[in-house]
Amino acid sequence: MDPNNVSIPPLKDLTIDNITQNVHLINSPCSSPRLKYLLERLVTHLHDYARETRLSTAEWMAAIHFLTATGQISSDVRQEFILLSDILGLSLLVDSIDHPKPASSTEGTVLGPFHTHDAEHVEQGGTVAHDPDGTPLLVTCTVKDTKGHPVDGVSIDVWETDSKGFYDVQYAGRDKPDGRAVLKSDNEGRFWFRGIVPVPYPIPSDGPVGKLLKLLGRHCYRPSHVHFMFGKEGFDPLITALYLRGDPYEASDAVFGVKESLIVELDTVGEKEVKEYGVENGTKWMKYDFVLVSEEETRELRAKEAMKAMEKLGRRMKLVEGLPVPDVD
């Protein structure tokens with residue numbers, strides 16, 4: 001940061017029309033081609049936004065105060081910035097770009113702001129949610145690769161709300177995790193657990209994001225769902241969720257997480273399942289076959305789609321560590 005060790009190109013007389021080019025000029029010594037490209041596009045779009053909307057000082061200060069408040073309310077168990085990214089559709093967009101899926105695989109969706117890293121490991125058939133007011137649910141699933149082979153030893157992180165629509169971290173005095181667990185797929189790629197039937201719930205609306213939704217005339221509800229996160233070396237991480245068909249918020253999810261391929265119908269267990277899984281008669285049953293994509297498949301698809309997108313924009317680009325940068329050679 002010593003100015004004597006930095007070579008800065010001289011700036012021109014600054015105006016509305018040339019400020020963008022001058023910012024690019026002063027950022028040009030950046031040694032990272034990817035960071036340089038990210039900042040070049042960010043500055044371009046921000047400046048064009050300000051010029052296009054004739055952004056006022058009062059409006060920009062309101063935005064700064066909003067972002068400041070978003071950071072101030074965030075904590076280890078509440079990430080308001082993730083919530084903001086979610087309600088703007090940015091989380092889903094970034095996930096779709098960074099983790100492209102071939103047609104034969106399971107689609108991803110948003111992580112949400114309530115994932116934690118303290119979930120307990122449970123054995124197959126273990127209980128994830130202990131809410132006595134919840135409707136019992138049996139979840140039976142398989143994990144396969146895109147060639148149809150079972151994948152064993154996959155770490156599966158699952159989490160859901162209680163019957164009142166609250167995650168464990170939303171309760172004061174939380175002393176241990178509940179409504180969440182980590183399982184492993186067996187040698188046939190299977191995993192199963194006991195939970196409760198998910199219910200619709202509102203995302204936190206007592207902070208800046210909630211105020212923004214109100215100003216936009218939007219509701220703050222998410223449809224009923226169970227979160228799943230898959231991880232195993234050699235496979236692209238998958239963050240997804242299963243949603244219940246017919247939920248009143250199925251077509252208006254506040255965070256844009258619902259995809260048709262992730263909507264499921266609940267069944268009710270029969271005598272066979274009662275005996276096999278040791279559940280009670282009348283237990284609801286969620287079934288799904290997940291398909292993971294290898295890291296190699298994802299890298300190839302990500303690169304292909306990135307170059308296709310750049311060509312559509314008319315930009316001459318190359319890939320550096322799998323990410324596009326201007327090709328200036």
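**How do we know? Reading a predicted chain**

Biologist: What is the make-up of the chain over residues 33–105?

Modeller: Residues 33–105 are 75% helix and 0% strand, with the end C-alpha atoms 33 Å apart. Helices here are DSSP runs of H or I with at least four residues, strands are runs of E with at least two, and both are numbered from the N terminus. Keep in mind that this is a predicted model, where local features need pLDDT of at least 70, side-chain atom pairs count only at pLDDT 80 or more, and totals for chains, interfaces and linings use all residues. Residues are numbered from 1 along each chain as its sequence is written, and side-chain values use heavy atoms, leaving out hydrogens and water.

Biologist: Why is glutamate 80 called buried?

Modeller: Buried means under 20% relative accessible area, exposed means over 50%, and partly exposed is in between (1.4 Å probe, protein chains only). Glutamate 80 has 0% relative accessibility, so it counts as buried. Glutamate 80 is found in helix H4, residues 80–87.

Biologist: Which residues is glutamate 80 in contact with, leaving aside neighbours within four places in sequence?

Modeller: They are Thr70, Ile73, Ser74, Gly207, Pro208 and Val209. Contact means heavy atoms within 4.5 Å.

Biologist: What makes aspartate 152 and lysine 232 a salt bridge?

Modeller: You need a side-chain nitrogen of Lys or Arg within 4 Å of a carboxyl oxygen of Asp or Glu. Aspartate 152 and lysine 232 meet at 3.2 Å, N to O, and that passes. Aspartate 152 lies in the loop between strands S1 and S2, and lysine 232 in the loop between S7 and S8, so the pair ties together parts that are 80 residues apart in sequence.

Biologist: Why do aspartate 152 and lysine 232 count as partly exposed?

Modeller: Aspartate 152 has 36% relative accessibility, so it is partly exposed. Lysine 232 gets that label too, because its relative accessible area is 29%.

Biologist: How far apart do the side chains of aspartate 253 and arginine 222 meet?

Modeller: They meet at 2.7 Å, N to O, in a salt bridge. This pair links distant parts of the chain, 31 residues apart, with arginine 222 in strand S6. Aspartate 253 and arginine 222 are both buried.

Biologist: How many salt bridges does a search of the whole structure find?

Modeller: The search finds 19.
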